[in-house]
Amino acid sequence: MSGSQWELPPELCCRPMAFVALTGLDVTYNAVHRAIWDAFCANRRADRVPISFKVLAGDHEYPKCRTKRTSYEWYIPKGILKTGWMNKHLNLVPALVVLFYELDWDDPQWKEKQSECATKVEIVRTSLQGRNTKVAVVLIQKKTPLPPGEDLVASERASSLCNACDLSGKSLFVLPHTDHLVGYIIRLENAFYEHAQTYYYTEIRRVKSHKEFLNKTTHQLLFVRHQFKIAFFSELKQDTQNALKYYRTAYSLVHELRAHETNMLEIKTMAGFINYKICRLCFQHNTPLDAIAQFRKHIDLCKKKIGSADLAFEHTAWMSKQFQSFGELFDEAIKLGLTAIQTQNPGFYYQQAACYSQDRKLTAQQLCQAGAVCPIPDPLDTPTGGLDFYGQRAWRQGHQSIDPPDPEKERTGILALQIKERDVPHSELIIALLSNAVAQFKKYKCPRMKSHLSELLDYVMCDYRTERWWALLTAILSTALRCSYLMANVKDYMTYCMELLGRASTLKEEQKSRIEKNLLKVLKNEVPDAEPDCEPSGSSAAAALWKDRMALSGSNEFSIEVQDYVPFIQCKARFLAPSFHVDQPIQLQVFLRADCPHPISFNKLSVSLSNQCYNQWCVVEASGQDTMLLTPGETSCFSFNFVAKTQDVGKKIEMTGIELMLGSGRWVFLSWRGAGGDAASAHEALQASRSARPRGPGAGARPEGAWDALTIQHSTMIISRVPKISVQLSHQPPALNNEMYCITLSIQSQEEGVAREVRLTAGLKPGQDANLSQATHVTLDRGQVCDASDPALLPDIPLGDLNPGHKVEQRVYVRCVSTGPRVFLFHVAYSINTSVDGQEIDCNCHKDETIAIETVEPFEVSSKFVSTKLEPLDRVVVDIPFVLMTDLLSSSPWPLLLHSSSLQLVTMQSFVADGCSSASLVPPPVVLQTGECASECFCLQCPSGAEANGTVATGQYVISWRRCPLDMVFYLPHVESKTLTVCVSNPASPELPSFGRVRETLPVRYHIENRTALVQQVEMAVEPSDAFMFSGLKQVRLHILPGAEQQMLYNYYPLMAGYQSLPQLNISLPRCPATDTHTLRRFLPQRIFVKPQGRELDDASIAAA
């Protein structure tokens, strides 16, 4: 955003005056009309009424008036103040339109001209349709009129003309073109002014009438808008007291608006406008203290309203403009007669504006991207070329919501503003503001004027150094050198001398020689020669000041930081490597180069490091009376070595500063931060790297190029000594879930001495998923299985001392209780004595080895519940046996040996039939290859004490297997159980044979048991079957006592051979209609094999079949 866009609009800054349009005047070709116009606008004195005149055509089109609102019920304002409103009422919509018409009272064509005048008046009224603008007619006459009442013809015709033009008598004027034209014009102006006053009074009443239709919820913006309009109309009416009152009300209302990021700029913009008006009127009323108090209040209220963080430079630009505008108002008031004082003058406001402009520049440098390209289309462009409302964004005009309507448009709009901010000449703005401040301080003889002048010079020099304007920098430095000489400022004088002697200076060699001679005099505590271009009187006064300075004791030492300058001594330093082992001496070099015309001597060079205990090894001093010399154009190298302390292993050592001591009678310490360099060295190094090309044979490198190619290495890292041991790991991946996985670690010493206190840290590497540490356990004991008490990492396992060439082995067992990859760390640490530069040090060495191990499941276990007929079960019945079947599918790449398996039941009971034993179906041991499956089945029974009609726990399935002997536990699934009201069963053979024969009786006996505590009524019915005839009760109703049993016998007579369905027995319980008959039917035999009728076959024949 350019600086001009922060300028206040001219219609705000000007003095509002009533706008009167003059029509009917031909100022180009009619001399009389030209004389009338000149009398209106030329040489206007201060005592004439404040009116702005403009000549317009008779058919001029005025801005159309919009339809007036009768209700604001559904109206949502889009902004506070339209950008064209003030200009419209200052220059476009007149308070009064005056029609000039040449007509004498005794004109022979009176009727025709009267009609023509009325027509022109009607044309003006038509163009002003809907507005309250007044219309007046001025008759230009050649004769001087008679006094009122004496000319009866004039009175009659004036009345006739007013009727024809629909005018009041106060709106018709006569202007005689005589020698007293200016006097008549002044009288006309006063009459026009009264008409304009009436118009603006009407407009104020009209705006005030809207207040009753507004509410505080949706019309907060309109409250501010209307108060501003009333105040502005009051200014046009020249009622400045009321205008000030309404502006103050508008200012209070604008700060009551709810501020958020999307409307912050609009609120600040309007607050700035209104504050400007208030301060201007306060100065106009000769109450400057009120203006200052208002401005301070304004700054306190707005300085925290920054808005978008990505556009923070806009806030500093706005704050700078506020101070600048107030300073200009203050200065204007002083020119009009206000008296300022030394502690309260416009200079302070210009200075603060400059400070905010500096902040704006820094903020813009941080936020505005250097390589960004303006988006297309430009989001800052608008169809009309401007904004509809003050302070709004071009890409979301009229938007008053908290959130932006389009985040993408918001992002591109902010980017466009940042790109435009890059083109703003910040330095020019800052310099102009500081210049104004210095001029004000000089005008009011402030003692701080000289310091502000120095600030201005320093700031300009900083910019010129950054932008490499060496000729301009030299000129400014020369001026600053003369100032510091005349002020006898010893430190500044030496600083400017050192920079003028440097490589950035464009002075000639003889000028540099003179400056170097003066610098050496100051270093010897002598008075320097006067600077050229200084007035003799000033030089004499300066020489006296210098003598006083030289006579002072205790001020002979100065420290000058030259990092941000371009001094005459260049300095670069570097560590020879980015890291050093603790058993190596640390080496650093400092390079110095002098750019002055003659050799320069120094007494001491020291390097400061982040660990100050090493500073004593990084000092070089001249011995005795001798000094060290720097020859111009040559590079001097100073090397320093020192041994690092073992406690600094893993730490970084940095150069914090370099200090060079010059002088003999006066000591000057030139200090560089870090490892040297200055304001120009970074650019020079970049240029050197770009221009580095292979040279032909015999072409030597230029000294400047060699210096520029020197790189700065300001820090180095102290790392541990390289261990001389070998660490080997052996194991057989992948690891199986829950097994004791063995990892063998072999350590062999290759040291020349004894490796003392060898320690091993083994286990899960830190920094992985936190859940892995809970599912990984490490131990050294093979004899016991790891559990939750064992850690995931075993620290500092002592392995004793290790002699040269010897080897030690250690086995580590890891148990992983979850699958997935893991990284294991094996950290071997030991101590050893070594010698560095003749110093014995005790070094701690370590070596890390990591391995990634994948953990997989050894096998997959599945289980299911089936009936004794191997039918799948969703739920089991209390006291009825069922079968649990388990399958083990090997997924291990290694063969698995299954030792044994067992059930650890919780609720269930093992069901053992008479003559049977509860033995495992998998005979131990069993070896499973990859992909093979082993199955087992267990007969279980849910006891009657278990929870009825609920879910019950089965227990655990324990398998003992190995690569190593190991028990592995699998939790069996829960199963739902239920209790039957009535149980139906038929015992096994001999009452129900395993097969039948055609046309032979087949007896079947059913047992019905009541398992409840109530007498149950049971209804039984046997359905007929095509494959059987039967004898017995086809339908019967029984009563069974609690716990009792009833038997029903049926004789079935098979009619067909093969697998046949038995006649279906249906049972219903009238007292328990919710009983599941399907579950009852599951306990009854459904089918039986029927043999054909014929001879008896022996067992061998049956077996053969």
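User: Where does S749 sit in the chain fold?

Analyst: S749 lies in strand β20, residues 740-749; strands (E, at least two residues) and helices (H or I, at least four) are DSSP runs, numbered from the N terminus. This is a predicted model, in which local features need pLDDT of at least 70, side-chain atom pairs count only at pLDDT 80 or more, and totals for chains, interfaces and linings use all residues. Residues are numbered from 1 along each chain as its sequence is written, and side-chain values use heavy atoms, with hydrogens and water left out.

User: Is S749 buried or exposed?

Analyst: Buried means under 20% relative accessible area, exposed over 50%, partly exposed in between (1.4 Å probe, protein chains only). S749 counts as buried because its relative accessibility is 2%.

User: Which residues is S749 in contact with, beyond its neighbours within four places in sequence?

Analyst: Contact means heavy atoms within 4.5 Å. For S749 the list is K724, I725, L802, N803, P804, G805 and H806.

User: Why does the span of α16 agree with expectation?

Analyst: The expected span of a helix is 1.5 Å times one less than its number of residues. The 18 residues of α16 (470-487) should therefore span 26 Å, and the end C-alpha atoms are 25 Å apart. Its buried residues include L473, I476 and L477. Just after α16, A488 has a positive phi of about 55°.

User: At what angle do the axes of α17 and α18 cross?

Analyst: Axes are lines fitted to C-alpha atoms, for helices over the stretch in contact, and angles run from 0 to 180 degrees between N-to-C directions. Helix α17 (residues 490-500) and helix α18 (residues 509-523) cross at roughly 145°, their axes coming within 10 Å. Among the residues making the contact are Y493 and M494 of α17 and I515 and L519 of α18.
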